[in-house]
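Colleague: Could you walk me through this structure step by step? I am new to reading models like this.

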Amino acid sequence: MSGLFPGFLILSAALFAVGALGVMVRRNLLVVFMSIELMLNAGNLALITFARYTDTMAGQVFALIVIAVAASEVVVGLALITGVYRSGRGLDVDEMSEMRE
Amino acid sequence: MTVVFGIAAVVAFLGALGVVLSRRTLYSALSLVLNMAALAVLFLLLDAQFLAAVQIIVYAGAVMVLFVFIIALLAPAAEERIPRLEWRVLLGGLAAIGFTVVVGRLTLNGITVGANGHLHGGLGPFSPQLVNAHGQVQTLGEQLFTTFLLPFELTSLLLLVAAVGAVYLSRHRRAGE
């Protein structure tokens, strides 16, 4: 059992890195958003891993709270995305430069 | 145990890669569902049964249905010319691999795991045997409503604000309003 502890953490780091890669490389707003979800999930995995291996409950409680935060983030974010789409622009992140400078 | 971890880890990683590398947005969303299901299996391995169920219900259920719904709604704009092997993709991939390697080195060298399967020092009272004997959901609920009452209340406030914000943002504005 103890041998899997680094495995969980390395998997969590790998998932986080892939999510960050998606945020930086992809241009589609929806895919960027899904990559953020990926990063939040990787954080959850690390929290639950540490909760299990230190015999505490705090990690699980905060993973639950992170899930609630992610759900509300999705609600607001998707409302913003539909708003952007409705205003006549596409979903390309590189095209949204009104707030530059 | 190790076999289940290996399979779930590979599936989770492939799902994550599928999110980032799929050409079509719908395939990204389906890869994300796969990733979340594999993560629920990993949560089960970590003695977090309640969170595995929540992961399936909230993420793979509610959140991803919302995503697929929005993708179907915005279908024309959801297609994307994906950058294939541009310099920023290569640099980003190298950075991601580097990050994973650094964290892996730190984990393998910096953290020592004792013979009983626990980290040295700082052990709390909630061993898996004790938690399972008392009841997983009971223990989590008691903790949530006593020690972590303030974060719990703040989360409820956050959900209210998110609901009000979503209603405001998705309100249909007429011209001149």
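This is a predicted model: local features need pLDDT of at least 70, side-chain atom pairs count only at pLDDT 80 or more; totals for chains, interfaces and linings use all residues.

Modeller: Residues are numbered from 1 along each chain as its sequence is written, while chains are lettered from A and ligands numbered from 1 in the order in which they are written.

Colleague: Which pattern does chain B follow along the sequence?

Modeller: Helices (H or I, at least four residues) and strands (E, at least two) are DSSP runs, numbered from the N terminus. Chain B has 8 helices and 0 strands. Read along the sequence, its pattern is α-α-α-α-α-α-α-α.

Colleague: How far apart are the C-alpha centres of domain 1 and domain 2 of chain B?

Modeller: Domain bounds come from an automatic or database domain assignment. For chain B, that assignment gives domain 1 as 1-83 and domain 2 as 128-172. The distance between their C-alpha centres is 22 Å.

Colleague: Is H2(B) roughly parallel or roughly antiparallel to H3(B)?

Modeller: Axes are lines fitted to C-alpha atoms, for helices over the stretch in contact, and angles run from 0 to 180 degrees between N-to-C directions. H2(B) and H3(B) pack at about 175°, with axes 8 Å apart. Angles under 35 degrees count as roughly parallel, over 145 as roughly antiparallel, 65 to 115 as roughly perpendicular and the rest as oblique. That angle therefore makes H2(B), relative to H3(B), roughly antiparallel.

Colleague: Is B:Leu39 buried or exposed?

Modeller: B:Leu39 sits in helix H2 of chain B. A residue is buried if 20 or more other C-beta atoms lie within 10 Å of its own, exposed if 12 or fewer, and partly exposed in between, with C-beta atoms placed from the backbone. Because B:Leu39 has 31 C-beta neighbours inside 10 Å, the label is buried.

Colleague: What does B:Leu39 touch, not counting residues up to four places away in sequence?

Modeller: Two residues are in contact if their C-beta atoms, placed from the backbone, lie within 7 Å. B:Leu39 and B:Gln55 are 16 residues apart in sequence, with their C-alpha atoms 8.1 Å apart in space. With residues up to four places away left out, B:Leu39 touches A:Asn41, A:Leu45, B:Ala12 and B:Gln55.

Colleague: And B:Leu157, buried or exposed?

Modeller: B:Leu157 belongs to helix H8 of chain B. Since B:Leu157 has 10 C-beta neighbours inside 10 Å, the label is exposed.

Colleague: Which element gives the most to the side of chain B that touches chain A?

Modeller: In this pairing, 71 residues of chain B are in contact with 61 residues of chain A. Elements giving two or more residues to that side of chain B include helix H1 (2-21), helix H5 (87-110) and helix H8 (149-169). With 11 residues, the one that gives the most is H5(B).

Colleague: Which residues touch the most other members of the largest nonpolar core?

Modeller: A nonpolar core is a set of buried Ala, Val, Leu, Ile, Met, Phe, Trp, Tyr and Cys residues joined through C-beta atoms within 7 Å. H1, H2 and H3 of chain A, together with H1, H2 and H3 of chain B, each give two or more residues to this core. Of its 65 residues, those touching the most other members are A:Leu15, A:Val18, A:Met34, A:Ile48, B:Ala12, B:Leu42 and B:Phe43.
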